[in-house]
Amino acid sequence: MKEYEIVAKFYNACGGAARPQTFFEEAELENTDDYVRMKHGKDFPLFLKEILPSGQTLYRYDNGSVTYCYEFTEL
């Protein structure tokens with residue numbers, strides 16, 4: 001298992017929600033896919049996964065009204 005810092009951002013398209021809600025968490029995970037799958041179940045296949053040059057793993061999904069963004073940084 002690896003230990004990760006997780007930054008989760010939720011962008012709401014509703015009026016008055018100009019800034020994302022941001023949450024921080026640390027977790028030991030076998031696989032970052034499992035974390036996002038646990039949070040979003042049937043929507044997991046809609047997430048785009050990107051490995052950044054910095055080594056971070058980024059997951060992003062926009063359903064038209066809410067955008068979910070998860071950044072995983074190995075500690």
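**Close-up views of a predicted sheet and its helix**

View 1. Tyr59 stands opposite Tyr70 in E5. This is a predicted model, in which local features need pLDDT of at least 70, side-chain atom pairs count only at pLDDT 80 or more, and totals for chains, interfaces and linings use all residues. Residues are numbered from 1 along each chain as its sequence is written, and side-chain values use heavy atoms, with hydrogens and water left out. Strand E4 (residues 57–62) pairs with E5 in the antiparallel sense, over six bridges. Strands (E, at least two residues) and helices (H or I, at least four) are DSSP runs, numbered from the N terminus. Two strands pair if DSSP finds at least two bridges between them. Asp62 stands opposite Thr67 in E5.

**View 2. The E4–E5 turn.** E4 and E5 form a hairpin. Three residues lie between them. Gly64, in the turn, has a positive phi of about 100°.

**View 3. E1 against E5.** Strand E1 (residues 2–12) and strand E5 (residues 66–74) run antiparallel, joined by nine bridges. Ile6 has Phe72 in E5 as its bridge partner.

**View 4. The open sheet.** Five strands line up as E2-E1-E5-E4-E3, with antiparallel pairing. Strands E2 (21–29) and E3 (48–51) are the edges, each pairing on one side only. The twist averages 20° from one strand to the next. Axes are lines fitted to C-alpha atoms, for helices over the stretch in contact; angles run from 0 to 180 degrees between N-to-C directions.

**View 5. Helix H1 on the sheet.** Helix H1 (residues 32–40) packs on the sheet and touches E1, E2, E3, E4 and E5. Contact means heavy atoms within 4.5 Å. The direction of H1 makes about 150° with that of E5.
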